[in-house]
Amino acid sequence: RHLVKHFPLTGGLLGRKIQLLKAVDGVSLAVARGETLGLVGESGSGKSTVGNCILRLIEPDRGDILLAGQSILTLTGQELRRARRRMQMVFQDPQSSLDPRMTVKKIVGYPLEVHGLAASSAEIADRVAHLLQEVGLSSDHLDRYPHEFSGGQRQRIGIARALITEPDFIIFDEPTSALDVSVQAQILNLIKDLQRRHGYAYLFISHDLTVVRHISHRIAVMYLGTLVESATRKELFDHPAHPYTLALLASAPKPNPLLRQELAVLQGDPPSPVQVPPGCRFHPRCPHAMEICRDTEPEQHNISPTGAASPHLVCCHLYREGHRR
Ligand code: SF4
Ligand code: MG
């Protein structure tokens, strides 16, 4: 809720703080059990920082993080460790997130050791073997090293490591971006299957709308540290409303390569979280920018049809007259 994370940039004489990198500037999200929320945006939009704050891999400046209704920012010691077990992360690059000197048994079983969750090394080996099968790898692989696996298999190992503490909530940060296209779909399907079987809640971070569309129930679009639009997947793709979302959709590769459009439809300089424009952050690049957009930050408007189960939220002055679609 209302997460804020600014990074001071030091430089100049005596290393004084000269600027703030406003990575995340007031982001609120909710994910339900069994649900995947896709978080999409360009690189530098703050998506990964949101994920890292939620897991307290970095501490947010402001805001709150609730797990099953309880704030985890106030937890310490044993309680914090328990909450940590319930929330896991799968990283982008399985190559660099798996220690090359550790066997698969060690990598996947390590969280059990750290948290003291297994009675013996035989129990750890048992549970790791079971999980390897669950993610589509042979349990014969226990004593192998990461370099003996393909990129897709390594990501399966990364997923097994996230599952071993029996979490409720898993963050995937670009889990398929480093993989060949042919392998991406297999990993996405595995991630979906696991959710169907166990009811995990997912936050799925990606710059790739095609991937997010494949996996998400709801989608939130980030731009320069803020959320600009969120809706169910169907609503967002059938009725995209924010000019930035429209630009993202227009630049996404089309399934038919003959119809593929120019990738760069977004005009103006690429966004910098150090120099955040006043008013609407998107205004220097927005084809619909008005006078008010230059100095007034837009509020959030719900534009879903009356009676819709899930809100369709848009932060844009175009919708300030209470316009609903
Ligand atoms: Fe464009 Fe203005 Fe809407 Fe921002 S608030 S997206 S500048 S129309
Ligand atoms: Mg990132």
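Ala, Val, Leu, Ile, Met, Phe, Trp, Tyr, Cys and Pro count here as nonpolar, Asp, Glu, Lys and Arg as charged, and the others, Gly among them, as polar. This is a predicted model, in which local features need pLDDT of at least 70, side-chain atom pairs count only at pLDDT 80 or more, and totals for chains, interfaces and linings use all residues. Residues are numbered from 1 along each chain as its sequence is written, while chains are lettered from A and ligands numbered from 1 in the order in which they are written.

**View 1**

**View 2. The open sheet.** Eight strands run in the order β6-β7-β8-β3-β9-β10-β12-β11, with mixed pairing. The edges are β6 (87–90) and β11 (300–302), each pairing on one side only. From one strand to the next, the twist averages 20°. Strands (E, at least two residues) and helices (H or I, at least four) are DSSP runs, numbered from the N terminus. Two strands pair if DSSP finds at least two bridges between them.

**View 3. Strand β3 beside strand β8.** Residues 36–40 of β3 and residues 201–206 of β8 pair in the parallel sense over 5 bridges. Leu-37 has Leu-203 of β8 as its bridge partner.

**View 4. Helix α4 against helix α5.** The axes of α4 (residues 104–114) and α5 (residues 121–134) come within 9 Å and cross at roughly 120°. α4 is therefore oblique to α5. Axes are lines fitted to C-alpha atoms, for helices over the stretch in contact, and angles run from 0 to 180 degrees between N-to-C directions. Angles under 35 degrees count as roughly parallel, over 145 as roughly antiparallel, 65 to 115 as roughly perpendicular and the rest as oblique. Lys-105, Val-108, Gly-109, Leu-112 and Glu-113 of α4 meet Ile-124, Ala-125, Arg-127, Val-128 and Leu-131 of α5. Contact requires C-beta atoms, placed from the backbone, within 7 Å. This contact comprises 6 nonpolar, 1 polar and 3 charged residues.

**View 5. Helix α4 against helix α6.** α4 packs on α6 (residues 151–163) at about 30°, with the axes 7 Å apart. The two are therefore roughly parallel. Val-104, Ile-107, Val-108 and Pro-111 of α4 touch Ile-157, Ala-160 and Arg-161 of α6. By class, that gives 6 nonpolar, no polar and 1 charged residues.

**View 6. Helix α6 against helix α7.** α6 and α7 (residues 181–198) pack at about 20°, their axes 10 Å apart. They are therefore roughly parallel to each other. From α6, Gly-151, Gly-152, Gln-155, Arg-156 and Ile-159 meet Val-183, Gln-186, Ile-187 and Leu-190 of α7. The contact divides into 4 nonpolar, 4 polar and 1 charged.

Note on methods. Two residues are in contact if their C-beta atoms, placed from the backbone, lie within 7 Å.
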